[in-house]
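Trainee: I would like to go through this model with you. Could we take it in short questions?

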Amino acid sequence: MSGYTVGEITVWLVLAAVVGFALGWLLSELRCRASHSARPVADPAALRVVTESPPPAKKSAAKKTAVRTAPAKTASTRSDPSRTTPPEPPESS
């Protein structure tokens, strides 16, 4: 049998995760602060050039696509009332 219980292993894993998260957060904060403090103060004229938005891009012409039309109706495909109503059966006497 092993020398550690499931509870002890779980506690150590959670503790390692917490310590890893804290160290990662501290290192990222130190790197972020170091990069901000190392930046030179920008010239206002240079800053104005950087913050200007670029001119809007020219839009290209719309792509031409083939126009699909319905086929022309012919006499055989036209709606005919005599075709839609069934013929009446002959009267028997």
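Trainee: What average pLDDT does the chain have?
Mentor: This is a predicted model, so start with confidence. Of the residues, 62% score at least 70. The chain average is a pLDDT of 76.

Trainee: How many helices and strands does the chain have, and what pattern do they follow?
Mentor: Count the elements. There are three helices and zero strands. Read along the sequence, the pattern is α-α-α.

Trainee: What share of the residues is buried?
Mentor: Buried means under 20% relative accessible area. The chain exposes about 9900 Å², with 65% of that from carbon and sulfur atoms. Of its 93 residues, the buried share is 0%.

Trainee: Which residues form the nonpolar patch on the surface?
Mentor: Together the members have about 800 Å² of accessible area. They are Trp 12, Leu 15, Val 19, Phe 21, Leu 23, Trp 25 and Leu 26.

Trainee: Is Leu 15 exposed or partly exposed?
Mentor: Leu 15 sits in helix α1, which spans residues 6-38. Exposed requires over 50% relative accessible area. Leu 15 has 43%, so the class is partly exposed.

Trainee: Which side chains meet in a salt bridge?
Mentor: Opposite charges can pair when their charged atoms come close. The whole structure holds one salt bridge. Its N to O distance is 3.8 Å, and the partners are Arg 33 and Glu 29.

Trainee: Where do Arg 33 and Glu 29 lie, and how accessible is each?
Mentor: The two are four residues apart, about one turn, in helix α1. Arg 33 has 61% relative accessible area, so it counts as exposed. Glu 29 has 29%, so it is partly exposed.

Methods:
Residues numbered from 1 in each chain as written. Predicted model: local features only at pLDDT ≥ 70, side-chain atom pairs only at ≥ 80, totals over all residues. Heavy atoms only, no water. Patch = residues over 30% accessible without salt bridge, like charges linked within 9 Å, V, L, I, M, F, W, Y side chains within 5 Å. Areas by Shrake-Rupley, 256 points an atom, 1.4 Å probe, with all protein chains shown as cover. Salt bridge = Lys/Arg side-chain N within 4 Å of Asp/Glu carboxyl O. Buried < 20%, exposed > 50% of the residue type's maximum accessible area, 1.4 Å probe, protein only. pLDDT = per-residue confidence, 0-100.
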